[in-house]
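Reader: I have a chain open on my screen and a few questions about it. Can you take me through it?

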Amino acid sequence: MTPPAARSGTGTRAELFFEDLVPGLTVDLGVVTVDGDEMVAFARRFDPQWYHVDPELAEASRHGGLIASGFYTVSLFMRAYVDHLLSRAAADASPGLEELRWLAPVRAGDRLAVRVDVMGARPSTARPGLGTVSLTGTMLRLGADDRPEQEVLRTRFRGWFALRPAEPRPGSEPSDTEPSDT
């Protein structure tokens, strides 16, 4: 019997496996532009602190205007991570975060470069067929010249990824492993 095809984090056929996520690898997750309406709508629903939702109070404060909820910012990171890595990788789940830091305010219109760096990888002792990958994700505010100006988010976390399925041996047939009628 042929095993089912490995699936990516979004359910498509996986093309990247644990073995591809080697320490030192950096994956560019693109550039995200912060949509002001979406930023405020998120804050109204999930984090309605005045500096996220009240333009007048925020303008008169040390913040000098509305700032994004940190949870909105990490949601932007997660979407870029799914779109540019997990959609291609044989991702399983995540055993959790070690660090989540909001290093500078994020505002409507900011352009944020997103990346993830592989810091470590080892086969899982708890989950056969999976490997644990240690990752650092960052978001950097870009200036008008598209050069990074400031790191706004950093997170360290782990993910489980499937090991690459074994290639069938040349000349092997499904009947080589299953009883035959002869």
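This is a predicted model: local features need pLDDT of at least 70, side-chain atom pairs count only at pLDDT 80 or more; totals for chains, interfaces and linings use all residues.

Reader: Fine. How many helices and strands does the chain have?

Author: There are four helices and five strands. In sequence order the pattern reads β-α-α-α-α-β-β-β-β.

Reader: What share of the residues is buried?

Author: Of the 182 residues in the chain, 41% are buried.

Reader: Changing topic. Where does E99 lie?

Author: E99 is in strand β2, which covers residues 96–102.

Reader: Is E99 buried or exposed, and why?

Author: E99 counts as buried because its relative accessible area is 14%, and the cut-off for buried is under 20%.

Reader: What is E99 in contact with, apart from its neighbours within four places in sequence?

Author: With those set aside, E99 contacts R154, T155 and R156.

Reader: Now L97. Which strand is that in?

Author: L97 also sits in strand β2. L97 is exposed, since its relative accessible area is 54% and exposed means over 50%.

Reader: Which residues does L97 contact, on the same terms?

Author: Beyond its neighbours within four places in sequence, L97 is in contact with T155, R156 and F157.

Reader: How far apart are L97 and R158?

Author: They are 61 residues apart in sequence, and 6.6 Å apart in space from C-alpha to C-alpha.

Reader: Back to the whole chain: what share of contacts with a separation of 6 or more joins residues 24 or more positions apart?

Author: That share is 72%.

Note on methods. Residues are numbered from 1 along each chain as its sequence is written. Side-chain values use heavy atoms; hydrogens and water are left out. Helices (H or I, at least four residues) and strands (E, at least two) are DSSP runs, numbered from the N terminus. Buried means under 20% relative accessible area, exposed over 50%, partly exposed in between (1.4 Å probe, protein chains only). Contact means heavy atoms within 4.5 Å.
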